[in-house]
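Hello,

Here is the structure I promised to pass on to you. Have a look at it first, and my notes follow below.

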Amino acid sequence: MIVPHCFPSLIDGPATQVVIISGTGLSAPNVPTVEGLKIRLDKIAQDLGVTPVEDFYVLAEAVLDSYVDTGKSDAESRLCLAEALGMLDDRRWFGEIGLPLSGNTPRHRVIARFAVEERLGAIVSLNWDTLLEAALDSVGLADGNGPVRPWRITAHASVVNDTHLGLLSKTHVFAIIKPHGCVRNLEKARRECRSTGKC
C-alpha cells in the first residue's frame with residue numbers, strides 16, 4: 001500500500017490498535033471551516049444581544065447559554081445553533097455535494113481502509129461533518145449493523161454523547177468518537193423534533 005505519509009508501523013507491522021485524532025485539516029476545504037461560520041455566528045450573537053468575541057468557540061458557548069436562558073434544553077440549544085448556522089441545510093457537511101466517489105476524499109478512504117484492515121482501534125473526530133462516515137460506508141462498513149463475519153469489522157458507529165456508548169458493545173463495530181458533535185446526529189434530532197412537534 002502506498003500512503004503519502006510515513007506510517008510504517010501502521011502499514012507493515014503486526015495489527016495495532018492505533019487511535020487517529022482528526023481535525024479540520026482532514027475535511028478542509030470540502031466543508032465550511034470555523035472561519036467561514038464565524039460571520040454567521042457574529043450575526044446570531046448580535047441578534048440575541050450576546051457580546052461578540054473573536055474566539056468562535058467562546059462565542060458559540062455564549063450563544064448556547066443565551067438559548068438555554070430562554071428555556072431551551074442543552075440539546076435544543078445545540079440544534080437551534082446548528083440550524084441558525086445553516087449546517088443542516090448545507091449538504092457539503094454530509095458529503096452529498098462537491099465531492100466525487102460517495103461523498104469523501106482519498107484521505108478519508110485511506111483511513112477507512114485502515115479501519116477495515118483492523119489497523120485502527122478508533123477515530124476521534126473533532127469535525128462536525130460526516131465525510132469519514134461516508135468513506136466507511138463506501139468501503140462496506142454499514143452505519144449500525146452489518147453482516148457478521150467472524151473477527152472482522154463489519155459496521156461503524158458514531159458516538160456523540162453518553163447515550164451512544166451502547167452502540168459500541170456489539171462485536172465487529174468500529175468507533176468514531178465525535179465529542180464536538182455531528183451533523184447526522186443533529187439532523188436526526190431535527191427530524192424527531194419535527195415529528196413530535198416539540199421544537
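Please keep in mind that this is a predicted model.

Let me start with S125, which touches S22, L132, I176, I177, K178 and P179, leaving aside residues up to four places away in sequence. S125 belongs to strand 2 (residues 120-125). With a relative accessible area of 2%, S125 is buried. A polar atom of the S125 side chain lies 3.3 Å from the backbone nitrogen of N127.

Next, a pair of helices. Helix 3 (residues 34-48) packs against helix 4 (residues 56-69) at an angle of about 35 degrees, and the axes are 10 Å apart. Their crossing is left-handed. On the helix 3 side, the contact involves V34, L37, K38, L41, D42, I44, A45 and L48, while helix 4 brings in F56, Y57, L59, A60, V63, S66 and Y67. By type, the contact residues are 12 nonpolar, one polar and two charged.

Finally, the aromatic rings. There are three aromatic pairs. One of them joins F56 and Y57: the ring centres are 5.3 Å apart and the planes stand at 85 degrees, so this pair is edge-to-face. F56 is buried, at 6% relative accessible area, whereas Y57 is partly exposed, at 44%. F56 also pairs with W128, with centres 6.3 Å apart and planes at 45 degrees, so that pair is tilted. Because F56 sits in helix 4 and W128 in the loop between strand 2 and helix 7 (131-138), the pair ties together parts 72 residues apart in sequence. Ring pairs link F56, Y57, W93 and W128 into a cluster.

Enjoy exploring!

Best wishes

Technical notes. Residues numbered from 1 in each chain as written. Predicted model: local features only at pLDDT ≥ 70, side-chain atom pairs only at ≥ 80, totals over all residues. Heavy atoms only, no water. Helix = DSSP H or I, 4+ residues; strand = E, 2+ residues; numbered from the N terminus. Buried < 20%, exposed > 50% of the residue type's maximum accessible area, 1.4 Å probe, protein only. Polar contact = N/O pair within 3.5 Å; in protein donor to acceptor, adjacent residues only side chain to side chain. Contact = heavy atoms within 4.5 Å. Axes fitted to C-alpha atoms, helices over the stretch in contact; angles between N-to-C directions. Left-handed = near helix turned anticlockwise from the far one by under 90°. Nonpolar A, V, L, I, M, F, W, Y, C, P; charged D, E, K, R; others polar. Phe/Tyr/Trp six-rings, centres within 6.5 Å; stacked < 30°, edge-to-face > 60°.
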